[in-house]
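Hi,

Here is the structure I promised to pass on. Have a look at it first, and then read on for my notes on what turned up.

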Amino acid sequence: VRQPFVVAVDGPAAAGKGTLAKRLADEIGLPYLDTGLLYRAVARRMLDASEDPAHTSGLEQAEGLSPEDLLRGDLRVPEVDRAASLVARQPEVRHALVGVQRRFADERGAVLDGRDIGTVIFPDALVKLYVTASPAARALRRYLQTGGDTTRPGWEEELREIETSIRARDEADSAREAAPLRMAEDAVMIVTDDMDANAVLAEAIRIVRERLAAAD
Ligand code: CDP
Ligand code: CDP
């Protein structure tokens, strides 16, 4: 039996996981899932229901998640960043989201990005990538990605705020007990500080080819 072709892309916030995973999926002709959207959508539903993810279980909202929830435009805002990281600590929420992630790669395979794809969701993934960069580089990426402009007065303060929140989220994601952010033992790390998105994609393709050749 041929196992599904799964590529796991994990790493900290704004490392370029999604950009890489999407382009890699296009390149090799597999579907792509941004698993962070699942946690963001659960968090969004909780905030809309005035539930505090620091003190309330998100299980009900996770079980009520619909595909439309993942298409909402208000999932990538600072309050959802924070709330998603809080809800992602809850073991029952993580557990409720395992099935949908595994089913996504049924039969053919998929490229998924997140925090625990290579460690928990697909421990047998054919290829595991751990994409990272310094907090300063990642903060600048997120700043520019969300309309930031380094010619605007006060940009340094805006950038500092983003770096502070990214560091806080990394710390929370790494320190939690349930599926913490860490590199799988058999993952390949790509440190992207001095690489643009094209260079990261090229490196990832090289690693995929190498793994395929080794698996033959
Ligand atoms: O795009 P960014 O890296 O900023 O965040 P994301 O991938 O959308 O993830 C948002 C939050 O969801 C993270 O800070 C994690 O707390 C959580 N998450 C997780 O715990 N496990 C995953 N597989 C994906 C996201
Ligand atoms: O998914 P994650 O939060 O890890 O990051 P992303 O949303 O894919 O990427 C954050 C931003 O960094 C995007 O605007 C990318 O164009 C940019 N970027 C990148 O993805 N890879 C690089 N090597 C350099 C910049």
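For what follows, two residues are in contact if their C-beta atoms, placed from the backbone, lie within 7 Å. Please keep in mind that this is a predicted model.

With that cut-off, and leaving out residues up to four places away in sequence, Val-9 touches Lys-17, Leu-20, Ala-21, Val-111, Leu-112, Asp-113, Ile-117, Leu-129 and Val-131. Val-9 also belongs to the largest nonpolar core, a set of 35 residues, where Val-7, Ala-8, Val-9, Leu-112 and Leu-129 have the most contacts inside the core. Two or more residues of this core come from each of β1 (5–10), α1 (17–28), β3 (109–114), α7 (117–121), β4 (127–132), α8, α9 and α10 (197–215). Strand β1 gives the largest share, 5 residues. There is also a second, separate core of 17 residues, with Ala-43, Val-80, Leu-86 and Leu-97 among them.

Helix α9 deserves a look of its own. This helix runs over residues 155–175, 21 residues in total, and its first and last C-alpha are 30 Å apart, close to the 30 Å expected at 1.5 Å a residue. Which residues of α9 are buried? They are Ile-162, Glu-163, Ile-166, Arg-169, Asp-170 and Asp-173. Down the axis of α9, these buried residues fall within an arc of 130°, so they line one face of the helix. Their cover includes α4 (78–87) and α8 (135–145). On the other side of α9, the exposed residues are Glu-156, Glu-157, Arg-160, Thr-164 and Ala-175.

Best wishes

Key. Residues are numbered from 1 along each chain as its sequence is written. Chains are lettered from A and ligands numbered from 1 in the order in which they are written. This is a predicted model: local features need pLDDT of at least 70, side-chain atom pairs count only at pLDDT 80 or more; totals for chains, interfaces and linings use all residues. Helices (H or I, at least four residues) and strands (E, at least two) are DSSP runs, numbered from the N terminus. The expected span of a helix is 1.5 Å times one less than its number of residues. A residue is buried if 20 or more other C-beta atoms lie within 10 Å of its own, exposed if 12 or fewer, and partly exposed in between; C-beta atoms are placed from the backbone. The arc is that of the directions from the helix axis to the C-beta atoms. A nonpolar core is a set of buried Ala, Val, Leu, Ile, Met, Phe, Trp, Tyr and Cys residues joined through C-beta atoms within 7 Å.
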